[in-house]
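Keep the structure open beside you as you read.

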Amino acid sequence: MIKSTGTRDNILFYLKKNKGIWISGETLSSRLNISRAAVNKHIKKLRQEGYTIESSTKKGYLLKTFADLLLADEIREGLDTGIFGKTDILHLKETDSTNVQAKILAAEGGPEGTLVVAENQHSGRGRKGRTWFSSPGLGIYSSLILRPAISPTEAPGITLMTAVAAVEAIIALTGIPASIKWPNDIMVKNRKIAGILTEISTEMDSVDFIIVGIGINVNTPADAFPSDIKKIATSVYAETGKRFPRVKMLQTYLRNFEIHYETFKKEGFPGIREKWKSFTEIIGKKVTVRKVAGEITGEVVDVDHEGVLIIQDGNGEVHRIFSGDLLL
Ligand code: BTN
């Protein structure tokens, strides 16, 4: 986990202040009152974290315009949240799945608000055992540890709440007409732009921790999606033709998340239900829900105060759907 070390932060501060300009090792060592060897050691560490820092024996160090990496300091900078994206952040260049890594940290006692973020996942996970395609450096793959004092039955509301935080971020920053498809998909014209995977660990009747993972397709070109999902996936880049800074998107999502999570902890899903409904287009639509036990076709009447989907079939029978895949 990347923790703040005073000297490291100070070196980064000077490098950023002088971005694009060389700063000598001597200047750094005298300003920070540390040896040249210590400067060198911290520069090496910053490089390991992902910063591109050139060095020259004559000129010193130069911080290059950094690629759009989801580095802990970049996420923290300018973010006005209390804990999400401000406290513990684990940034990984490559991992199996950020949800898996967050689960390991949570089981070891990782606190609420811990953020795991990766540039790439080789075993990204989706709902119902499906995989999540991750294109290296182009999407957001992130997971948060939550420890709310709620009962396990309330936990599905977290997924719905997260969908609001994500759809708001996408719309506000890109103007794309994104909407929520119950329960966890963020869609643009019938193509998925983001997905949420919520995993819960319970003890008796209480929640031990919840991992809420989100994948947002930001800069993935349309033709980079594998053939099996090409027709059903999209990205910010595919929709707008413009590359988008991922850090900004992640920060906006985290800010929204914190606001809605506070409401959720006080009022449960009812506190966010109207907002959720304002971002969905499924109400009044004819849909088919695919469940383990079979399919139900009918009209979506509502999403109730528990986040349960209410469907009325052709015979007028009303069904309460707790989980399933929605086919429009
Ligand atoms: C789905 O739509 O089925 C859920 C997709 C969730 C993908 C994200 S990417 C970050 C986090 N880590 C994972 O392995 N999955 C979630």
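**The ligand and its surroundings**

In this predicted model, an N or O atom in the side chain of Lys-192 is 2.4 Å from an oxygen atom of the ligand, a polar contact being a pair of N or O atoms within 3.5 Å. Taken alone, the ligand exposes 410 Å², and the protein buries 98% of that; such areas come from the Shrake-Rupley method with a 1.4 Å probe. A nitrogen atom of the ligand lies 3.1 Å from a polar side-chain atom of Thr-98. For Asn-99, a backbone N or O atom lies 3.5 Å from a nitrogen atom of the ligand.

A word on the ground rules: residues are numbered from 1 along each chain as its sequence is written. Because the model is predicted, local features need pLDDT of at least 70 and side-chain atom pairs count only at pLDDT 80 or more, while totals for chains, interfaces and linings use all residues, and side-chain values use heavy atoms, with hydrogens and water left out.

Now look at the shell around the ligand. There are 21 residues around the ligand, and Ser-97, Gln-121, Arg-125, Arg-127 and Lys-192 come nearest; a residue belongs here if one of its heavy atoms lies within 4 Å. By class, the shell has five nonpolar, twelve polar and four charged residues, with Gly counted among the polar ones. At least two shell residues come from each of α5 (98-107), β5 (139-146), β8 (191-203) and β9 (206-217). β8 gives the largest share, four residues.

Where does the ligand sit? The ligand sits in the largest pocket, as more than half of its atoms lie within 2 Å of the pocket's grid points. A pocket is an open set of points on a 1 Å grid over the protein atoms alone, where a 1.4 Å probe fits, with protein on both sides within 12 Å along at least five of seven lines; lining residues have an atom within 4 Å of a point. The largest pocket has a volume of about 950 Å³, which is the space filled by probe spheres set on the points. Of its 40 lining residues, Arg-130, Trp-132, Asp-185, Lys-192 and Ile-232 are the closest to its centre.

Finally, the peptide bond from Trp-182 to Pro-183 is cis, with omega near -5°.

Methods. Polar contact = N/O pair within 3.5 Å; in protein donor to acceptor, adjacent residues only side chain to side chain.
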